[in-house]
Amino acid sequence: MPQAKGYAAHDAHSALVPFTFERRAPGPHDVQIEILYSGICHSDLHQARNDWNNSLYPMVPGHEIVGRVTAVGADVKKFKAGDLAGVGCMVDSCRSCSSCADGLEQYCENVPTWTYNSKLRNSDELAFGGYSDLIVVDEHFVAKVSPKLDLKSVAPLLCAGITTWSPLRHWNVAKGQKVGVIGLGGLGHMGIKFAKALGAHVVMITTSPDKARDAMRLGADEVLLSTDKAQMKQHARSFDFLLDTIPNGHDLNPYAALLKRDGHLVLVGALMELTPPLFGGSLVGGRKSIAGSAIGGMAETQEMLDFCAEHGIVADVEMIDIQNINEAYERLLKNDVKYRFVIDMASLKKAA
């Protein structure tokens, strides 16, 4: 059994601390990965602090994982020792439901096995995530990573990247379309990069005028202030697609008014109640739709990583040592990062 070192939360109120644990021995279909970089997702903070009332402790967070393969099982076909590899939000699924059969493991009808804060399939053993030095995962849930990309900046692609890529691909965003990205953060900055690379005319929609310059640097063609009624009226009924990355409950009515006939507004950030109520007439009058989207399946995740390698797309990151994880969480609460923290897992070798 491989011995692993990491950082764990032991309850909802204490700081993350060093933690030693065992990974399972690699089976015939498993890939063992030395973790080089682990991104920090806002959901890591929510789970560590039990904000969603479903936390399992001890918890080793982290589902944006990039590393190097160190061992493979006898039946592994896609990987060999030395390959670069990525692991995202899930490490298993039932493999038999209709969603899994369609390559949409993220919507597994028997619930995916999440990379952390989950129990391994058919077991009471906890799954531990990427804030650690190694991980063992079935090769089906491991993605290939191109050496052409900056590895530390690849890590957030395994969550923030695929969360924004999946809806853009599902709703066929393409050249000639007008696409709005609502909210400029960890998800929004990836939405801009992907929509631009897909050929769309990209509009960053924000409440903050001071984000305009950075939005343009990331690839936005325009910036629309949602607090400016005149600007919102000027853009009314003109968008083919809106990617809503706002993480909190908010009013969808102003954004629905921006959609043209047959336009789509897709939520990827808000997991809670949306208020105030949505005015049905704004949808009915233009055959508009509002939908939601999660991460992508494994085939789509690989497609996204290959697209990134082809177009030179990575996340904007700030590197930290694992010893500064609790400080990073506090900064995350203040949105004080552009645009994703990534842990250099080599720092685990330093004194705690």
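Buried denotes a relative accessible area under 20%, exposed over 50% and partly exposed the range in between (1.4 Å probe, protein chains only). The structure is a predicted model, in which local features need pLDDT of at least 70, side-chain atom pairs count only at pLDDT 80 or more, and totals for chains, interfaces and linings use all residues. Residues are numbered from 1 along each chain as its sequence is written, and side-chain values use heavy atoms, with hydrogens and water left out.

**View A. Tryptophan 165 and phenylalanine 307 form a tilted aromatic pair.** Rings of Phe, Tyr and Trp (its six-membered ring) pair if their centres lie within 6.5 Å; planes under 30 degrees apart are stacked, over 60 edge-to-face and the rest tilted. Here the centres are 4.6 Å apart and the planes stand at 45 degrees. Because tryptophan 165 belongs to helix α4 (residues 160-170) and phenylalanine 307 to helix α10 (residues 298-311), the pair ties together parts 142 residues apart in sequence. Helices (H or I, at least four residues) and strands (E, at least two) are DSSP runs, numbered from the N terminus. Tryptophan 165 is buried at 1% relative accessibility, and phenylalanine 307 is buried at 13%.

**View B. Phe19, Phe21 and Phe128 make up one aromatic cluster.** The model has seven aromatic pairs. One of them joins phenylalanine 21 and phenylalanine 128 edge-to-face, at 4.8 Å centre to centre and 65 degrees between the planes. Phenylalanine 21 lies in strand β2 (residues 17-22) and phenylalanine 128 in the loop between β9 (126-127) and β10 (134-138), so this pair links parts 107 residues apart in sequence. Both phenylalanine 21 and phenylalanine 128 are buried.
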